[in-house]
Amino acid sequence: MIAFQIGDSEALAQLYDQLHEPLFCFLYRYTKDEQLSVDIVHDSFEVLQSKKFQYEQQRGTVKSFLFQIAYRLMINKLKRRKRWQTLLPFLIPIQKKTLQTEDTLVIQQAISNLPDKQRAVILLAYYEDLPQEEIALILDVPIGTVKSRLHHAIKALKAELKEDFQHERGI
């Protein structure tokens with residue numbers, strides 16, 4: 001890690017070779033989701049690159065530092081998934097496969113009916129799985145604006161989809 005901190009790019013490759021497999025195993029055992037685990041391993045090494053100077057040898061091993069990064073990323077992604085599942089259960093990827101084509105089209109139409117700014121936040125947050133801080137950077141707006149747009153978009157989607165599904169089922 002010291003070599004990586006002073007600019008040896010080969011040192012990062014060595015760290016990856018040593019730590020990517022145990023990190024993946026930990027994440028996979030926790031999540032039981034292979035793709036999510038692969039994504040978090042990738043994201044963890046990206047964060048490690050940006051936080052390489054925050055590592056202090058006297059506070060622990062590189063492995064524990066990297067696992068701490070990965071654990072935080074994993075918890076954030078799982079919380080985000082759970083929040084989405086609670087707010088918009090029809091958007092969860094697993095359930096997408098079980099939706100009828102009609103329902104999928106209704107959902108896509110509802111999302112496309114959102115105002116541009118709300119639609120952007122929904123797509124970045126859900127489909128790209130980006131944290132609100134990154135969405136704020138991408139859209140060049142304050143994080144409070146992202147939260148507000150997300151809140152209003154979810155509220156609008158719930159209302160429109162509730163109406164569509166009730167109408168469709170004759171309720």
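Start at Asp33, which caps the N-terminal end of α3. One of the Asp33 side-chain oxygens lies 3.2 Å from the backbone nitrogen of Gln35. Keep in mind that this is a predicted model.

**Select α3.** The helix covers residues 34-50.

Now colour the buried residues of α3: Leu36, Ser37, Ile40, Val41, Ser44, Phe45 and Leu48.

**Select Asp43 and Lys77.** The structure holds two salt bridges, and Asp43 with Lys77 is one of them. Their closest N and O atoms are 3.3 Å apart. The pair links distant parts of the chain: Asp43 sits in α3, Lys77 in helix α4 (residues 62-87), 34 residues apart. Asp43 is partly exposed, at 22%.

**Select Arg119 and Asp116.** This pair also forms a salt bridge, with the closest N and O atoms 2.6 Å apart. Both residues lie in helix α7 (residues 116-127). They are three residues apart, about one turn of the helix. An α-helix has 3.6 residues a turn, so residues three or four places apart point the same way. Asp116 is exposed, with a relative accessible area of 56%. Arg119 is partly exposed, at 22% relative accessibility.

Notes. Residues are numbered from 1 along each chain as its sequence is written. This is a predicted model: local features need pLDDT of at least 70, side-chain atom pairs count only at pLDDT 80 or more; totals for chains, interfaces and linings use all residues. Side-chain values use heavy atoms; hydrogens and water are left out. A salt bridge is a side-chain nitrogen of Lys or Arg within 4 Å of a carboxyl oxygen of Asp or Glu. Helices (H or I, at least four residues) and strands (E, at least two) are DSSP runs, numbered from the N terminus. Buried means under 20% relative accessible area, exposed over 50%, partly exposed in between (1.4 Å probe, protein chains only). A polar contact is a pair of N or O atoms within 3.5 Å; within protein, one must be able to donate a hydrogen and the other to accept it, and residues adjacent in sequence count only if both atoms are side-chain atoms.
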